[in-house]
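Subject: Structure for your files

Hello,

Here is the structure you asked about, and my notes follow below it. Please read them with the structure open.

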Amino acid sequence: MRLFIFSIVLLTAICAAKAQPNCNVFLWKGDTLQYEACKYSQIFRFYYQFDTEAIAVLDSCIALCPYYAFPYYEKAVVYLKAGNPIGWDKYINLAVKYDPISYLGTRASCRGKFFADYEGAISDIDSLDTLVDYDIGYIHDGMYHLNVYKGICYKVLGNYTKAIEVIQSHIDAAEVDVGLYDYIHLGVAYQAIGEHKQALECFKKQETINDVAENHYYAALSYQELEDAENFSSSITRAKEMLDKGQQMSNKYHILEDEIFMTDVEALMK
Amino acid sequence: MVKILRNLFYRVLNTFWILLLMNASVLLLGTHHTVSSSFKQFKNMSITMIALILFCLISCTTQNESNVQDGPVLQNGLSLQNDTSLRWLEDIPHNPEIDKTDFKLCYDEQKAIQYYRVNNSTGVKNIKSEINALFKSKYNSAVVKKETGLVRIRFIVNCKGEADRFRLLGSSLDYKAKTFDKSITDQLLSITKSVDRWKKDTDKDDDKDYYLYILFKIIDGKIVKILP
């Protein structure tokens, strides 16, 4: 019992603690300049990122060590969140220049999600893939694996066959590591080329992972194409119920690909 | 400096509570059964805590103001940073020459937040389909110059859903500053300004003033995508 309580308390303590970034990695490499800039950059954590004083801290880090990627990245993020493509691009390019492995994936997904630059996103993901011989990892907010996001980009560009190939390959390899919405996007891609039975299989699998309104909405579209009135009716009704409850795809920064609105459901119900 | 000291204080307080919890847990696990031995153990632990707090204070970096440099004044779409009257990067102060005189924020300027910190996620989410429909019906691509790139309109929305302080920024598709023809920007701006309410009545929890933007991807004068 005491061991149990101790474990809970220790876990609380760990979660409450704020770990210092490991600047020592630069020291181990013999790079004292980057080490000093990294240590100084820790002050940034005390500010809200948009704060002009925070930006001044980042500028000081850059003055200390012009090839330390972190401050460029953080400046880019501020412009990104303000929807400023010029400021974002200037600083994220510098972050990628000085640390491509850490920031190429982020640049890829942000290009696609914030500026609809899907070709740029695909190019960055492919570039990252040539640089590493291990898993390239996830997009900036962890919602999708970079391979899945590449597939989504192909889908938006209208290359559905390639999208299916990329996303399906990842899911087949990932097995348990399937994302929250991967099957929705795959299903929509199948739908786009008229493969409604395949699409419905995807939406069925999505139900077991993360059941949302979009799942039933797109299933309704396929049932409609297959002239299955009964399942169409139940699916679209279910989609509306879930939307009313807010059980849908969601991201606080932007509208996701294949995300739906009540107007979409109501239009389909007519 | 005040901000740093305040945050340092909270950091020390946080460390104190963590150490207190850890000490309490050690006591719980202790095999000593007498009150006096527990007290002695607690006393020893308190000394350890004080030493660790002092270590934390010494090891925490403090900012030497002489090392802090003002950011450079940037041009072509990069925000002014030497303007110390600006609270945050990309803040939009009132300009009496172009902004409404009767537009009022519900709260102090210092309390305006970014759109994604509004309770109902994006801040534009609930009316995105209406925005899409509005531009589809109102924007006339037939009368514009066939230009390509990104146009961002950023503005501030008060807690009642009214908007003002519209600022426009143009970029090419390779993210370089670009001035679009007025046939495009005048339309985009006037349609954006025509939205009389940026939140629905159901957004009761969104009692905030916030910054919002709309970004248009334009190909040959046509809107192909509206973000976010």
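Helix 11 of chain A is covered by, among others, helix 9, helix 10 (160-174), helix 12 (196-210) and helix 13 (213-225) of chain A. This is a predicted model, and everything below should be read with that in mind. The buried residues of helix 11 include A:D182, A:H185 and A:Q191, along with A:Y183, A:I184 and A:L186. Just after helix 11, A:G194 has a positive phi of about 85°.

Helix 5 of chain A

Helix 5 covers residues 69-81 of chain A, and 11 of these 13 residues are buried. That is why helix 5 counts as largely enclosed by the rest of the structure. Among its buried residues are A:E74, A:K75 and A:K81, as well as A:V77, A:V78 and A:L80. What covers the buried residues of helix 5 comes from both chains: helix 3 (32-41), helix 4 (52-64), helix 6 (85-98) and helix 7 (100-115) of chain A are included, and so is strand 4 (210-219) of chain B.

Helix 5 is followed by A:G83, which has a positive phi near 70°.

Aromatic residues and charges over rings

Over all chains, the structure holds 22 aromatic pairs. One of them joins A:W88 and A:F115; the pair is tilted, with 5.2 Å centre to centre and 45° between the planes. A:W88 lies in helix 6 of chain A and A:F115 in helix 7, so the pair ties together parts that are 27 residues apart in sequence. Are these two residues buried or exposed? A:W88 has a relative accessible area of 1% and is therefore buried, the cut-off being under 20%. A:F115 is at 2% relative accessibility, so A:F115 counts as buried too.

A pair in chain B is also tilted: B:F155 and B:W198, at 4.7 Å centre to centre and with 45° between the planes. B:F155 is in strand 2 (residues 149-157) of chain B, while B:W198 is in the loop between helix 4 (182-194) and strand 4, so the pair ties together parts 43 residues apart in sequence. B:F155 is buried, with a relative accessible area of 0%, and B:W198 counts as buried at 1%.

One aromatic cluster has members from both chains: A:F114 and A:Y253 with B:Y115, B:Y116 and B:Y213.

In chain A, charged side chains also sit over rings. The charged end of A:R45 is over the ring of A:F46, 5.8 Å from its centre. A:K90 lies over the face of A:Y91, at 5.6 Å from the ring centre.

Cavities

How many cavities of 30 Å³ or more does the structure hold? There are 2. The largest cavity has about 90 Å³ of space. Its lining consists of 13 residues, and those nearest its centre are A:K113, A:Y149, A:I255, A:L256 and A:E257. Helix 7 and helix 9 (146-156) of chain A and strand 5 (222-227) of chain B each give two or more residues to this lining.

The chains as a whole

Chain A has 15 helices and 0 strands. Along the principal axes, its C-alpha atoms fill a box of roughly 70 × 55 × 35 Å. Of the 270 residues in chain A, 55% are buried. Among contacts in chain A with a separation of 6 or more, 52% are between residues 24 or more positions apart.

Chain B has 4 helices and 5 strands. Read from the N terminus, its elements run α-α-β-α-β-β-α-β-β. Chain B has 228 residues, of which 43% count as buried. Residues 24 or more positions apart account for 72% of the contacts in chain B with a separation of 6 or more.

Regards

Note on methods. Residues numbered from 1 in each chain as written. Chains lettered and ligands numbered in written order. Predicted model: local features only at pLDDT ≥ 70, side-chain atom pairs only at ≥ 80, totals over all residues. Heavy atoms only, no water. Expected span 1.5 Å × (residues − 1). Buried < 20%, exposed > 50% of the residue type's maximum accessible area, 1.4 Å probe, protein only. Contact = heavy atoms within 4.5 Å. Phe/Tyr/Trp six-rings, centres within 6.5 Å; stacked < 30°, edge-to-face > 60°. Lys NZ or Arg CZ within 6 Å of the ring centre and 35° of its normal. 1 Å grid on protein atoms, 1.4 Å probe; cavity = no way out; pocket = protein on both sides within 12 Å on 5 of 7 lines; lining within 4 Å. Points joined across faces, edges and corners; volume = space filled by probe spheres on them.
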